[in-house]
Amino acid sequence: MRAGSRRPWNAGLAIGLSLALLFLHGLGWLQPVEEIVMIPLTPLQQLLSGAGRGALEAFAFLREIRTLRQEVQRLRDQVEELRTENLRLQELEAENAELRALLGIAQENPQTTFVAATVIGYETNPYLRYLILDVGTRQGVREGMPVITRGSALIGRIAEAGLNRSRVRLLTDAGSQVGALLQTSRATGIVIGQPDGSLLLDFVNPDEEILPGDTVLTSGIGGQIPRALVIGQVTERLSAGGGEPFQRARVRPAVDPRRITHVLVITSFPGMESAP
């Protein structure tokens, strides 16, 4: 018999055998045989079932790890956003405190007029110490006007005024001079800016007392700067050389100009004289 002719017979035999086994299984006659056959297969089935459960648990564990990593990254991003927002709020609070202090100065001096300004730049030349403000002649700013910050601290005077910009010569500039008064002893002199950025109190009469720690104020002499603006504090009395007619002392400025963002330009005050 040819191989091709055997195929229908084999297929029919397989189908018939399958039907017979199904019939016998339905009658329950094959149950003892099935139980005997299942005995050696039960451990294998349990092993495969356990391996399947382990694989499913491993996949679930990996999925949880991925989810946790995503959650950790989300929380890290949120913390970074909150930190940045907190820094921004701190900066706004510091700026608001500075503005409130300047507003308080204006309210305490109703007879004095001011122009509020923002520091927008610094002079880059190491031998010139200037600030650049965002106000100018259009806002009423003129050369020679004093510029103060919180605590009524004098930082300098307007050196140049453009239409909407102006330059402030700082007290620490070597070309700056301002009449000074010691708060405790009431001695007078002149505070002069030094090339190294420090302040020197000079031209104090030899019979006057200079005390370290004494506050240095503006004297108001000349009518170009209001009286009693804060300049700084005496840090050291310098020994007078032989034959020198005046006393001198080092003065620490009341404020660091590099930390200033807002100022007030005094445009007029009681007793003000025209600036030269």
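Which residues are linked in a network of salt bridges? Hold that one for a moment, and I will start with the model itself.

This is a predicted model, where local features need pLDDT of at least 70, side-chain atom pairs count only at pLDDT 80 or more, and totals for chains, interfaces and linings use all residues. Residues are numbered from 1 along each chain as its sequence is written, and side-chain values use heavy atoms, with hydrogens and water left out.

First, the layout. The protein chain has two helices and twelve strands. Helices here are DSSP runs of H or I with at least four residues, strands are runs of E with at least two, and both are numbered from the N terminus. Read from the N terminus on, the order is α-α-β-β-β-β-β-β-β-β-β-β-β-β. Of the 276 residues in the protein chain, 28% are buried. Buried means under 20% relative accessible area, exposed means over 50%, and partly exposed lies in between, with a 1.4 Å probe and protein chains only.

Now the salt bridges. A salt bridge is a side-chain nitrogen of Lys or Arg within 4 Å of a carboxyl oxygen of Asp or Glu. Side chains of opposite charge can pair when their charged atoms come close. The structure holds eight salt bridges, and the answer to my opening question is E123, E160 and R167. E123 and R167 have their closest N and O atoms 2.8 Å apart. That pair links distant parts of the chain, with E123 in the loop between β1 (113-122) and β2 (130-133) and R167 in strand β5 (residues 166-170), 44 residues apart. For E160 and R167, the closest N and O atoms are 3.0 Å apart.

E123, at 26%, counts as partly exposed, and so does E160, at 45%.

Another salt bridge joins R250 and E236, at 3.5 Å from N to O. This pair also links distant parts of the chain: R250 is in strand β11 (residues 247-253) and E236 in strand β10 (residues 230-238), 14 residues apart. R250 is partly exposed at 40%, and E236 is partly exposed at 39%.

Next, the backbone. Most residues other than glycine have a negative phi. S152 is not a glycine, yet its phi is positive, about 55°. S152 sits in the loop between β3 (146-149) and β4 (153-161). R186 also has a positive phi, near 65°, and lies in the loop between β6 (177-182) and β7 (188-193). S152 is partly exposed at 21%, and R186 is partly exposed at 43%.

Then the inside. The structure holds one cavity of 30 Å³ or more. A cavity is a set of points, on a 1 Å grid over the protein atoms alone, where a 1.4 Å probe fits but cannot get out; lining residues have an atom within 4 Å of a point. The largest cavity has a volume of about 60 Å³, and its lining includes L154, I155, T172 and P257. By class, that lining has nine nonpolar, one polar and no charged residues. Ala, Val, Leu, Ile, Met, Phe, Trp, Tyr, Cys and Pro count as nonpolar, Asp, Glu, Lys and Arg as charged, and the others, Gly among them, as polar.

To finish, helix α2 (residues 31-108) is where F61 is found.

How values were computed:
1 Å grid on protein atoms, 1.4 Å probe; cavity = no way out; pocket = protein on both sides within 12 Å on 5 of 7 lines; lining within 4 Å. Points joined across faces, edges and corners; volume = space filled by probe spheres on them.
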